[in-house]
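Please read it alongside the sequence and the model.

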Amino acid sequence: MSENTIDLDFGTTAKKQQDGEKLPVVLLALDQGKYDMARSLDELRALADANGMEAVAEVTQKRATPEAATLLGEGKVAEARLVCQNLNAAAAIFDGELTGSQIRNLSAALQVEVLDRTMLILEIFRARATTNEGKLQTELATLRYQLPRLQGLGESLSRQGGGGGGGGGARRGAGETKLELDRRHLHHRIEHLEGRLKEMEKRRGETRRARQKNNVPVVALVGYTNVGKSSLLNALCGEQIFEADMLFATLDPTARKLTLPSGLQIILVDTVGFVSRLPHHLVEAFKSTLEEAAYADVIVKVADAGDDQAAEQLAVTDEVLSSLDCEGIPQLVVYNKCDTANLLSFDPDILLTSAKTGVGLPALLAKIDDVLAHRVRGIEVLLPYDKLALADILRSRGSVAEEEYREDGVYYRATVKIDDLHRFEPYLV
């Protein structure tokens with residue numbers, strides 16, 4: 001391990017089987033009536049599957065007041081231990097966040113490794129990040145999460161006692177010394193990562209300013225994970241980025257050029273997907289990436305038309321966008337995967353698309369064109385032969401629908417950006 005990195009492994013990655021079989025895990029949950037537990041457990045099961053795990057059982061408890069040490073009551077913990085033993089589970093995953101001491105207590109009681117929902121998502125993010133920025137953001141989120149939980153995340157970090165009975169001369173045990181050293185190291189690493197990410201954010205800002213200077217509109221695809229955003233980008237742009245039927249199949253944002261039917265060129269951006277109760281640590285760490293939506297000219301909110309929880313998916317999307325101050329940006333709602341849905345239940349005004357079959361894609365492009373209509377204007381011009389350099393602007397920054405060579409110049413029927421309109425006013429037909 002280099003001096004510039006820190007071991008982020010929570011444990012399960014090292015244990016994953018080499019023959020491709022999924023690691024058996026047991027899901028744990030405490031139902032306090034604050035959210036739909038069944039829906040949340042389905043999502044946790046999908047997250048486990050995305051991390052190479054198979055949920056072989058669920059142990060849940062309805063309880064108004066959680067047990068301080070383990071959240072679950074003593075009887076449920078005993079039941080969970082038997083389930084883990086009988087099914088030979090390699091780990092247990094709790095549907096929520098645990099403190100360091102709760103992780104330690106549950107792991108000791110169940111005799112298996114214990115992760116919580118956030119730790120699982122962090123492992124997925126770490127495995128999926130491909131760009132340098134994505135890797136740094138994931139590491140930063142992980143370190144911020146680990147810092148207050150150091151004592152609970154491993155035997156080697158627990159206090160081991162030591163000489164001295166108290167007072168100023170008391171000596172500390174080796175375990176406590178290691179804990180303090182690791183805490184100091186984490187603080188230094190966090191500061192270093194924050195500095196690196198600020199530099200990258202500055203460069204991202206320069207890229208945004210260059211786009212604005214060139215007046216290239218940005219359209220951001222946002223939404224729940226696994227609703228088909230990457231598939232939509234591939235279907236519209238013809239560029240192949242990784243797509244799969246799993247949560248967080250793609251993590252790093254991807255930008256592609258796209259020409260609308262009007263001839264207007266835009267940048268289409270695919271952003272990281274959301275999940276319900278997206279951990280605060282991840283929102284903060286990935287804020288610079290998610291802010292692609294905040295700087296967009298149009299936000300396309302994508303939901304899964306075949307999912308009966310599509311409304312809840314959009315509510316999660318709205319919640320995250322609200323935290324990024326995206327109010328005032330035009331937003332379109334698209335129900336993707338319409339080939340898997342009962343279309344009779346949808347409002348006819350709603351945009352329905354299928355990246356798989358191509359249904360609805362022309363309507364989506366036309367709608368984006370309508371929203372950005374103030375950016376372009378259709379014109380007819382007759383350019384003298386000594387002004388044909390302007391034709392390059394028509395082709396590079398607009399689109400040409402018709403071209404005809406005449407005695408006194410070249411006639412063009414074209415679409416140009418409003419910012420370029422003044423160049424052609426003397427030659428309008």
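Angles under 35 degrees count as roughly parallel, over 145 as roughly antiparallel, 65 to 115 as roughly perpendicular, and the rest as oblique. The structure is a predicted model, in which local features need pLDDT of at least 70 and side-chain atom pairs count only at pLDDT 80 or more, while totals for chains, interfaces and linings use all residues. Residues are numbered from 1 along each chain as its sequence is written, and side-chain values use heavy atoms, with hydrogens and water left out.

**Helices α3 and α4**
- The axes of α3 (residues 74-86) and α4 (residues 100-110) cross at roughly 55° and come within 9 Å; axes are lines fitted to C-alpha atoms, for helices over the stretch in contact, with angles from 0 to 180 degrees between N-to-C directions.
- The two helices, α3 and α4, are therefore oblique to each other.
- Val77, Ala80 and Arg81 of α3 meet Leu106, Ala109 and Leu110 of α4, where contact means heavy atoms within 4.5 Å.

**Overall composition**
- The chain contains 14 helices and 13 strands, taken as DSSP runs numbered from the N terminus (helices H or I, at least four residues; strands E, at least two).
- Of the 429 residues of the chain, 49% count as buried; buried means under 20% relative accessible area, exposed over 50%, and partly exposed in between, with a 1.4 Å probe and protein chains only.
- Among contacts in the chain with a separation of 6 or more, 68% come from residues 24 or more positions apart.

**Helix α8**
- Helix α8 (residues 229-237) has seven of its nine residues buried, so it is largely enclosed by the rest of the structure.
- The buried residues of α8 are Lys229, Ser230, Leu232, Leu233, Asn234, Leu236 and Cys237.
- Their cover includes the strands β5 (218-223), β6 (254-259), β7 (265-270), β8 (298-304) and β9 (331-336), together with helix α12 (361-371).

- Isoleucine 418 lies in the loop between β13 (409-417) and α14 (421-424), and is partly exposed, with a relative accessible area of 30%.
- Leaving aside residues up to four places away in sequence, isoleucine 418 touches His374, Arg375, Val376 and Arg377.
- Histidine 374 is 44 residues from isoleucine 418 in sequence, yet their C-alpha atoms are 7.5 Å apart in space.
- The charged end of arginine 406 sits over the ring of tyrosine 411, 4.4 Å from its centre; this requires NZ of Lys or CZ of Arg within 6 Å of the ring centre and within 35 degrees of the ring normal.
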